[in-house]
Amino acid sequence: MLSFLRPAGLAVLGLALALPAAAQSTAEIGSLRFINTVTVANDQVIDGTLVGGLSGIDYDSAADLWYLISDDKSENNPARFYTARLTFTGGRLASVAIEHAVTLLQADGQPYPGPKTGGDVPDPESMRRDPETGNLWWTSEGDRKRGLSPFLRVAAPDGKQVSDVPTPGIFTMNKDREIGPRHNLGFEGLSFAPDGKSVWLAMESALYQDGPIATPSAGAVARLTRLDREGKVLSQFAYPVDPIQAVPTGKNGDNGISEILALDDSHALVLERSGVEGADGVWTMYIRLYAIDVTGATDIAAMPSLAGAAYTPVTKRLVIDLAKTPDLGHIDNIEGISWGPALPDGKRSLVLVSDNNFNPAQVTQFLAFEVEP
């Protein structure tokens with residue numbers, strides 16, 4: 001997908017949503033103030049690997065260390081994540097230093113294979129640091145064409161596999177029947193609850209049996225699943241995905257969830273990303289951040305199909321529409337979101353990152369915001 005970055009100024013964005021005490025000293029957020037963009041060069045090489053495809057981001061506040069997972073399917077280099085340092089100066093994001101690349105390893109201790117080799121080819125999409133153990137939980141979106149199901153696994157900080165977390169059978173990929181996840185629309189978002197006792201897992205869009213994917217005239221539904229640390233389903237809810245945000249004049253357009261950030265057991269932030277291809281082949285990105293509340297929503301964990309079924313989805317409220325936010329300029333393919341460090345005035349930061357798809361016409365950009373009380 002294509003987009004171009006312009007110099008950014010400052011913008012103030014209004015919102016009001018509940019946050020856990022660990023994330024914010026007050027019960028609600030008043031607004032977000034844009035505090036700069038930093039772009040990482042597309043040709044940057046770290047530990048012999050090409051930096052790009054950054055699809056997930058998370059922050060270890062104790063170590064002041066960031067984790068970034070690449071969605072490279074072991075095509076450019078073996079599946080991996082990066083550690084990084086983000087420097088904030090004078091209340092603004094000043095620089096991003098990618099420090100190390102860490103290869104993700106399979107249970108047998110070997111790197112994951114690539115598409116030309118075959119086998120358990122991963123499609124990494126999200127990564128979160130376990131607040132209890134310091135391990136790293138990560139998702140693969142799966143590959144319907146190869147019959148590979150999405151998965152949730154745990155890696156040690158050195159990349160060695162620690163465990164394979166069970167996920168509901170409804171997410172098993174089926175390449176011969178239109179049931180289960182669609183190709184490239186699997187496990188896209190992951191987030192620990194603030195207490196670390198559960199994780200939220202977000203599908204990018206609808207399962208076949210839950211209805212069609214988004215079009216410019218109609219939205220879709222994606223499943224949000226809350227699991228305990230052993231993979232037991234605690235609850236599952238339907239999230240209403242927006243329609244595609246414009247009519248493509250090129251061949252393609254899409255919309256779906258790109259990340260989730262849990263606030264507590266009932267509330268979360270959900271990042272939606274819509275890409276629309278123009279007649280010239282250039283993609284325009286429409287990025288929106290929603291606050292959701294599952295209170296009153298139907299627990300759909302026991303419902304094998306949502307098409308034609310009666311249920312109540314989660315409620316959602318628009319927090320930020322980056323396409324309509326002054327001074328941000330053109331925004332690339334934003335896929336990751338994380339809380340960041342406290343700023344000099346004591347307020348919290350929020351950081352978004354883009355996936356450049358290893359496309360020289362796109363950029364890897366870090367967007368930082370200050371959380372206003």
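## Charges and the model

The protein carries 30 positive and 46 negative charges, and their mean positions lie 2 Å apart. Lys and Arg count as positive, Asp and Glu as negative, while His and the chain ends are not counted. Each charge is placed at NZ of Lys, CZ of Arg, CG of Asp or CD of Glu.

Keep in mind that this is a predicted model, where local features need pLDDT of at least 70, side-chain atom pairs count only at pLDDT 80 or more, and totals for chains, interfaces and linings use all residues. Residues are numbered from 1 along each chain as its sequence is written, and side-chain values use heavy atoms, with hydrogens and water left out.

## Overall make-up

The protein has 23 strands and zero helices; these are DSSP runs numbered from the N terminus, with at least two residues (E) for a strand and at least four (H or I) for a helix. Of its 373 residues, 58% are buried, that is, under 20% relative accessible area with a 1.4 Å probe, protein chains only.

## A closer look at strand S22

How many residues of strand S22 are buried? Seven of the seven, residues 348–354, so S22 is largely enclosed by the rest of the structure. Arg348, Leu350, Leu352 and Ser354 point one way, while Ser349, Val351 and Val353 point the other way. In a regular strand the side chains alternate between the two faces of the sheet.

S22 runs antiparallel to S21 (residues 334–342), joined by six bridges, and antiparallel to S23 (residues 364–372), joined by five bridges. Strands pair if DSSP finds at least two bridges between them. Alanine 342 has arginine 348 as its bridge partner, and valine 351 stands opposite alanine 368 in S23.

Technical notes: Buried < 20%, exposed > 50% of the residue type's maximum accessible area, 1.4 Å probe, protein only.
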